[in-house]
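Take a look at the fold below. The text then walks through its pocket and its charged pairs.

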Amino acid sequence: MASSLQNYVIVLFLIAIIQFKTSSSSSHHHHHHHLKSLHFSLYQHETINKTGYFIVNGIPQSAGVTETTTPFGTLFVFQDPLTLTSNRSSKLVGIAEGTSITSSLDGLRSISIAKLTVRWKDYKGSVSIVGGTNNVKASDHPIVGGTEDFMFVQGYVTSSPVDLTGITVVYKIEFHIYWPPYATQSS
């Protein structure tokens with residue numbers, strides 16, 4: 001009797017596992033299959049004392065100000081043009097505006113908050129990003145909000161240094177945008 005009860009429990013357990021695996025694998029498969037996405041790159045041009053300004057100087061005992069470092073605690077604000085190519089004279093298609101606070105003692109990393117407003121092809125609107133930025137390496141920033149055509153989007157933006165020499169520095173900004181199934185694109 002105990003043996004047949006044990007076999008019955010094992011069979012029920014196996015049926016439950018098979019049903020759970022079937023339902024969870026099919027919903028997972030469909031979840032990512034129908035997401036609308038958009039991927040493109042623009043270039044941010046930041047010129048010290050023209051489009052970007054030091055508001056608060058950081059702790060002088062930490063790293064100094066160079067083309068790639070700022071002292072720990074430095075508050076920096078910017079309103080930089082976004083263009084189609086790394087050449088500043090290429091077509092202006094957006095604005096990057098935000099702030100960063102140097103968060104590492106070596107002066108190479110900061111916490112950044114930005115709104116990237118673009119008019120690109122048939123798209124118009126902005127995405128807001130927050131995250132850690134490394135001044136000399138590529139950094140991924142999650143998208144935390146959007147407006148107009150980018151309302152309800154998810155994804156991330158990758159910022160990569162292109163040219164860090166001189167008073168104007170250039171970053172490649174790669175957009176990886178996804179519309180969730182419940183969101184409809186504004187027209």
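What follows starts with the ground rules, moves to the pocket and ends with the salt bridges.

This is a predicted model, in which local features need pLDDT of at least 70, side-chain atom pairs count only at pLDDT 80 or more, and totals for chains, interfaces and linings use all residues. Residues are numbered from 1 along each chain as its sequence is written, and side-chain values use heavy atoms, with hydrogens and water left out.

Start with the open space. Rolling a probe the size of a water molecule over the atoms shows where empty space is left. A pocket here is an open set of points on a 1 Å grid over the protein atoms alone, where a 1.4 Å probe fits, with protein on both sides within 12 Å along at least five of seven lines. The largest pocket holds about 610 Å³. That volume is the space filled by probe spheres set on the points, which are joined across faces, edges and corners.

Lining residues have an atom within 4 Å of a point. The largest pocket has 34 of them, and Glu46, Phe76, Ser100, Asn135 and Tyr171 lie nearest its centre. E5 gives the most, with six.

The lining divides into 16 nonpolar, 15 polar and three charged residues. Ala, Val, Leu, Ile, Met, Phe, Trp, Tyr, Cys and Pro count as nonpolar; Asp, Glu, Lys and Arg count as charged; the others, Gly among them, count as polar.

Next, the charged pairs. Side chains of opposite charge can pair when their charged atoms come close. A salt bridge needs a side-chain nitrogen of Lys or Arg within 4 Å of a carboxyl oxygen of Asp or Glu. The count comes to three.

Glu97 pairs with Lys115, with the closest N and O atoms 3.7 Å apart. This pair links distant parts of the chain: Glu97 sits in strand E4 and Lys115 in strand E5, 18 residues apart. Lys115 is partly exposed at 35%.

Asp106 meets Arg109 at 3.6 Å, N to O. Asp106 is partly exposed at 38%, and Arg109 is partly exposed at 42%.

Lys124 bridges to Glu148, with the closest N and O atoms 3.7 Å apart. Lys124 lies in strand E6, and Glu148 in the loop between strand E7 (139–146) and E8, 24 residues apart.

Note on methods. Helix = DSSP H or I, 4+ residues; strand = E, 2+ residues; numbered from the N terminus. Buried < 20%, exposed > 50% of the residue type's maximum accessible area, 1.4 Å probe, protein only.
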